[in-house]
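Here is a short report on one protein model. Look over the sequence and the fold, then read on.

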Amino acid sequence: MSAITAAGLMSVRTVRLPGRLAQAAAALKRAAMPAMAACLVLGALLGPGATAQAADAPGAALPVVAAENFYGGVVKQIGGAYVSVTSILSNPDQDPHLFEASPKTARALQHARLVVYNGADYDPWMTKLLAASSSGSGQRAIVVAADLVGKKAGDNPHLWYDPRTMPAVARAVSAALGAADPAHKSVYDANLAAFLGSLKPIDDKVAALRAQYKGQPVTATEPVFGYMSDAIGLDMRNLRFQMAAMNDTEASASDIAAFERDLRERRVRVLIYNSQATETLTRRMLGLAQQSKVPALSVTETQPAGVDFQQWMLGQLDALAKALAQK
Ligand SMILES: [Zn+2]
């Protein structure tokens, strides 16, 4: 029993929350512990994939599946101890554009009361799995980030880098949790307010960078940072090269030459480098940037372990500020 309790504590601790939310979550955790322990006992007996079934028990955490871990993290910040979140894409060492779903993914989806995914063709496997799987509980809310911000297949799919996306996702998640679990609606409302407030330092940083660097030319190996770059007002170059890198197709010789010229002649202030989507050509551009003394900013498209969404974004904006400040 003690081992199970420890595992229960660990599963709560792995989620990092900002101060006020963490305190609220700790209180919730204490309140929800008996149901959670029961759920974990079943989970331990039945093995991975079975915890979602166990969570269907009355009073247990709502099972939620997020296609990407940055959305899963936001669900956890809103739902606290009342949600049990499975995030499918969570490894910053893999290229999400090349991901294929496994039967384990399908099983988790079957029991989810809430599913959150990006859309805009970033995670087409999710649409297919949802179409193929009926909801085990009969009620399954679905939040698609792209639909909330009016984006579709063919648009830059890295929507979570747009400062407008996460507030919209958080509001939709809070509403869906409140509808699925009306008893705790006031908690979800309060956590939503805290979450929205916690985004202000990101918005402030974007505004400060915009005031200082609007119109400055930059380039990138892949369009992952594109919306953030647009929000700051940077002049993003070599978009065709970036789309080819993202889609794993070949960039044209003239697009490659233009990219190389930008670096060699230092026509750009920063090279934004997606460390998660690397191939020979993008690595060559990074090498060329280093040779030409163009500062490189490394960004990831999956949230790294040990930081929440707000810390992740702020860290990258701070790094961008340093890179732009270099002469
Ligand atoms: Zn990408």
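## Ground rules

A residue is buried if 20 or more other C-beta atoms lie within 10 Å of its own, exposed if 12 or fewer, and partly exposed in between, with C-beta atoms placed from the backbone. This is a predicted model: local features need pLDDT of at least 70, side-chain atom pairs count only at pLDDT 80 or more, and totals for chains, interfaces and linings use all residues. Residues are numbered from 1 along each chain as its sequence is written.

## Overview

The protein has 15 helices and 8 strands. Both kinds of element are DSSP runs, numbered from the N terminus: helices are H or I with at least four residues, strands are E with at least two. Of the 327 residues, 42% count as buried.

Two residues are in contact if their C-beta atoms, placed from the backbone, lie within 7 Å. Take the contacts between residues at least 6 apart in sequence: 66% of them join residues at least 24 apart.

## The sheet with strands 2-1-3-4

Two strands pair if DSSP finds at least two bridges between them. Four strands form an open sheet in the order 2-1-3-4, and the pairing is parallel. Strand 2 and strand 4 (141-144) stand at the edges with a single partner strand each, so one side of each has no neighbour in the sheet. On average, neighbouring strands of this sheet are turned by 15 degrees against each other, direction ignored. Axes here are lines fitted to C-alpha atoms, for helices over the stretch in contact, and angles run from 0 to 180 degrees between N-to-C directions.

Strand 1 (residues 62-68) and strand 2 run parallel and are joined by 6 bridges. Pro63 stands opposite Ser84 in strand 2. How many residues of strand 2 (residues 83-89) are buried? The count is 7 of the 7, so strand 2 is largely enclosed by the rest of the structure. Strand 3 (residues 114-117) runs parallel to strand 4, with 4 bridges between them. There, Tyr117 stands opposite Val144.

Helices cover this sheet too. Helix 4 (residues 69-79) packs on the sheet and touches strand 1, strand 2 and strand 3. The direction of helix 4 makes about 150 degrees with that of strand 1. Helix 8 (residues 165-180) lies across strand 1, strand 2, strand 3 and strand 4, at about 175 degrees to strand 4.

## The sheet with strands 6-5-7-8

Another open sheet has 4 strands in the order 6-5-7-8, again with parallel pairing. Its edge strands are strand 6 (235-237) and strand 8 (296-299), and each pairs on one side only. The twist averages 30 degrees from one strand to the next.

Strand 5 (residues 217-220) and strand 6 pair over 3 bridges in the parallel sense. Val218 has Met236 in strand 6 as its bridge partner. Helix 14 packs on the sheet and touches strand 7 (271-274) and strand 8. The direction of helix 14 makes about 145 degrees with that of strand 7.

## A pair of helices

The axes of helix 13 (residues 253-264) and helix 14 (residues 280-292) come within 8 Å and cross at roughly 25 degrees. That makes helix 13 roughly parallel to helix 14. Angles under 35 degrees count as roughly parallel, over 145 as roughly antiparallel, 65 to 115 as roughly perpendicular and the rest as oblique.

Which residues meet in this contact? Phe259, Glu260, Leu263 and Arg264 in helix 13 meet Met285, Leu288, Ala289 and Ser292 in helix 14.
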